[in-house]
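Good morning, and thank you for coming. Please look at the structure on the screen while I describe some of its features.

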Amino acid sequence: MEGEIRNFVTVWVSVYASLIYCYLAGKILPKGFTRFMAILPIVFLFLFLPLNLHSMHLCGASAFFIAWLANFKLLLFAAGRGPLSAEPSISLLRFLVVACLPIKIQQNRSRETSLKKQKSALNYALKALLLAMAVRSVDYGEQMHPKVILCVYSLIIYLSLELILAIAGFLPRLLLGVELEAQFDEPYLSSSLQDFWGRRWNIMASNILRPTVYEPALWASSRVMAPKWAPLPAIFGTFVVSGLLHELMFYYLGRVRPTWEITAFFLLHGGCLAAEVLLKKTLTGSRRLPRLISGPLTVAFVMATGFWLFFPQLLRCKADVRALEEYAAVGGFLKNVVGLAFTASKAFNETRG
């Protein structure tokens, strides 16, 4: 584990050194082809860096932040677009944290925002407790039906992702007054696939795919078809790119040859979402399914297709076993820290007595 921590530190020192170079390149070079060529080697470097990590949580989070978020933000920055170009006079420190973390700059803090943040803290605390209970329940997996175990794994993945991304944004929010991008908005309450993928699940990924893939694809498709139908190939193309990126994330985690089931999962959802948008354009409000029916159908479809195409790849790279081992290691470490603190406190009190 010590070697993994050293690799983790080395990777992130390399990331921030590279981002300093990109920041300076942006100050010197105009947006466009010249800046793109200057940044392109960093994009390739960021695709390589996660290969130096092997743990589920450190590698998974770093790969998402570096190979996906940072690379796409840098490509937008080369074109003078995206969050790194939103402020012409952005400071180096803000550039560094915005480039590779799921955060947004907090402009105005109101009483309402403060109350919302307090509720959010309670929400995260409850989800951390629920995650601990879900991880503990896996110990009784032999007594559960396989489908029930997959449901528990679904819950663990969702809660782990949300909590990891919340933790990643805590320090920047504390130091710079920047706010964490909402990554999830209770996806189990989704009323449709469009609601699930566009507004509730991994919102930062959606926000970065929109300007880099969807909008250029929409512009291209609108040149050859009616505006009413132009979003359909753009939606499908976005899911194609998302599927390939998820295949890359899974490769970082398992280092095994892809079977393309993850891509198939996203192609299926891209096609179904395009069909859903088409139906919404042709059906009036009174002919649409009520939320009470569409919501459970959406969640059931996502889980059923996930069990079919998504989870086999997680199990194939032993993500469940490795993640639980890492949770156990963290739990053991915290237990030792608490024990040492208690022993030190007791010895100090006896000395004073």
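Predicted model: local features only at pLDDT ≥ 70, side-chain atom pairs only at ≥ 80, totals over all residues.

F196 counts as buried because its relative accessibility is 7%, where buried means under 20% relative accessible area, exposed over 50% and partly exposed in between, with a 1.4 Å probe and protein chains only. W201, at 19% relative accessibility, also counts as buried. Residues are numbered from 1 along each chain as its sequence is written, and side-chain values use heavy atoms, with hydrogens and water left out.

How are the rings of F196 and W201 arranged? A pair of aromatic rings is described by the distance of the centres and the angle of the planes. Rings of Phe, Tyr and Trp (its six-membered ring) pair if their centres lie within 6.5 Å; planes under 30 degrees apart count as stacked, over 60 as edge-to-face and the rest as tilted. F196 and W201 are stacked, at 5.7 Å centre to centre with 10° between the planes. The pair of W197 and F239 is edge-to-face, because the planes stand at 90°, with the ring centres 5.8 Å apart. These two residues lie 42 residues apart, W197 in helix α8 and F239 in helix α10 (residues 231-254). Here helices (H or I, at least four residues) and strands (E, at least two) are DSSP runs, numbered from the N terminus. Both W197 and F239 are buried. In total, the structure holds 20 aromatic pairs.

Let us turn to helix packing. Helix α8 (residues 193-200) packs against helix α9 (residues 203-222) at an angle of about 90°, with the axes 7 Å apart. Axes are lines fitted to C-alpha atoms, for helices over the stretch in contact, and angles run from 0 to 180 degrees between N-to-C directions. The two helices, α8 and α9, are therefore roughly perpendicular, a term for angles of 65 to 115 degrees. On the α8 side, W197, G198, R199 and R200 make the contact, and on the α9 side I203, S206 and R210; contact means heavy atoms within 4.5 Å.

Finally, the whole protein. The protein has 13 helices and 2 strands, and buried residues make up 41% of its 353 residues. Among contacts with a separation of 6 or more, 74% join residues 24 or more positions apart.

Conventions:
Parallel < 35°, antiparallel > 145°, perpendicular 65-115°, else oblique.
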